[in-house]
Amino acid sequence: MRTIDNQPEDVFLGGWNLALGAGLILAPWYFGFGSEDIAAWNAWITGATILALAALTLMRTREGEVYAIGAAGLWSCAAPWALGFQDAAAWAHVGLGVALLVSAGSWLWRLRDLPASQKSAQKSAQKSAQKSAWQTAPPAARATPRVSEDRSACRPGTRTPSPRS
């Protein structure tokens, strides 16, 4: 399961999902369908679920949480027909459900594309760190060891040549 540490745009999506969940919880009073028990309870339960999932995605996003938010958005869209309520309650559920589906799609798009870009960013950071370490090292440390051209010292049964003075 893919996981990303959130960037600012990911935190925005998490905040957006929190707002959508809160909007679904407040929808029965704002749109005036609080007296319709089934529609109101569905809005409260679905909104609370979205709030909990969105709170989990604020610091680190996991693929399963995003799919759950998308499923809650899909349920919010289907609930008016599945549970049989209409008018303002149906419009509130469908509107917020579509917004949740778009948000979940954006998350999934980022989860699909971001790991590759994070890996390339990490590799380039490692290369630049290695390069800067090489450049800041004293010249003696940067020098490559020289290989002796006299290969007779490496053959078995030969003696090491003595240094000439």
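In which helix does Trp44 lie? Trp44 belongs to helix H2. The report below describes this residue and its surroundings in a predicted model.

## Overall architecture

The protein contains five helices and two strands. Along the sequence, these elements follow the pattern β-α-α-β-α-α-α. Of the 165 residues in the protein, 30% are buried.

Contacts in the protein with a separation of 6 or more are made to 70% by residues 24 or more positions apart. The protein exposes about 11,000 Å², and 63% of that area is supplied by carbon and sulfur atoms.

Leaving aside residues up to four places away in sequence, Trp44 touches Ile25, Pro28 and Trp29.

Ala27 provides a further reference point for Trp44: the two residues are 17 residues apart in sequence, and their C-alpha atoms are 8.6 Å apart in space.

## Packing of H2 and H3

Two packed helices are described by the angle between their axes and the distance between the axes. Helix H3 covers residues 63–83, while helix H2 covers residues 37–56. H2 and H3 pack at an angle of about 170 degrees, and their axes are 9 Å apart. The two helices are roughly antiparallel to each other, because angles over 145 degrees are classed in this way. On the H2 side, the contact is made by Ile38, Asn42, Thr46, Ile50, Leu53, Ala54 and Leu56. H3 contributes Glu65, Ala68, Ile69, Ala72, Trp75, Ser76, Ala79 and Leu83.

Ile38 of H2, together with Trp75 and Leu83, also makes a nonpolar surface patch of about 260 Å². These three residues are likewise among those that form the contact between H2 and H3.

## The salt bridge

How many salt bridges does a search of the whole structure find? The search finds one. The side chains of Glu65 and Arg62 meet in a salt bridge, with an N to O distance of 3.5 Å.

## Strand E2 and Arg60

Strand E2 spans residues 60–62, and Arg60 lies within it. Arg60 has a relative accessible area of 36% and is partly exposed. Arg60 and Thr3 are 57 residues apart along the chain, yet their C-alpha atoms are separated by 7.0 Å.

Asp87 is found in the loop between H3 and helix H4, the latter covering 88–136. Most residues other than glycine have a negative phi. Asp87, although it is not a glycine, has a positive phi of about 60 degrees.

Key: Residues are numbered from 1 along each chain as its sequence is written. This is a predicted model: local features need pLDDT of at least 70, side-chain atom pairs count only at pLDDT 80 or more; totals for chains, interfaces and linings use all residues. Side-chain values use heavy atoms; hydrogens and water are left out. Patches are made of residues with over 30% relative accessible area and no salt bridge: like charges are joined within 9 Å, nonpolar side chains (Val, Leu, Ile, Met, Phe, Trp, Tyr) within 5 Å. Accessible areas come from the Shrake-Rupley method with a 1.4 Å probe; for residues, only the protein chains shown count as cover. A salt bridge is a side-chain nitrogen of Lys or Arg within 4 Å of a carboxyl oxygen of Asp or Glu. Helices (H or I, at least four residues) and strands (E, at least two) are DSSP runs, numbered from the N terminus. Axes are lines fitted to C-alpha atoms, for helices over the stretch in contact, and angles run from 0 to 180 degrees between N-to-C directions. Angles under 35 degrees count as roughly parallel, over 145 as roughly antiparallel, 65 to 115 as roughly perpendicular and the rest as oblique. Contact means heavy atoms within 4.5 Å. Buried means under 20% relative accessible area, exposed over 50%, partly exposed in between (1.4 Å probe, protein chains only).
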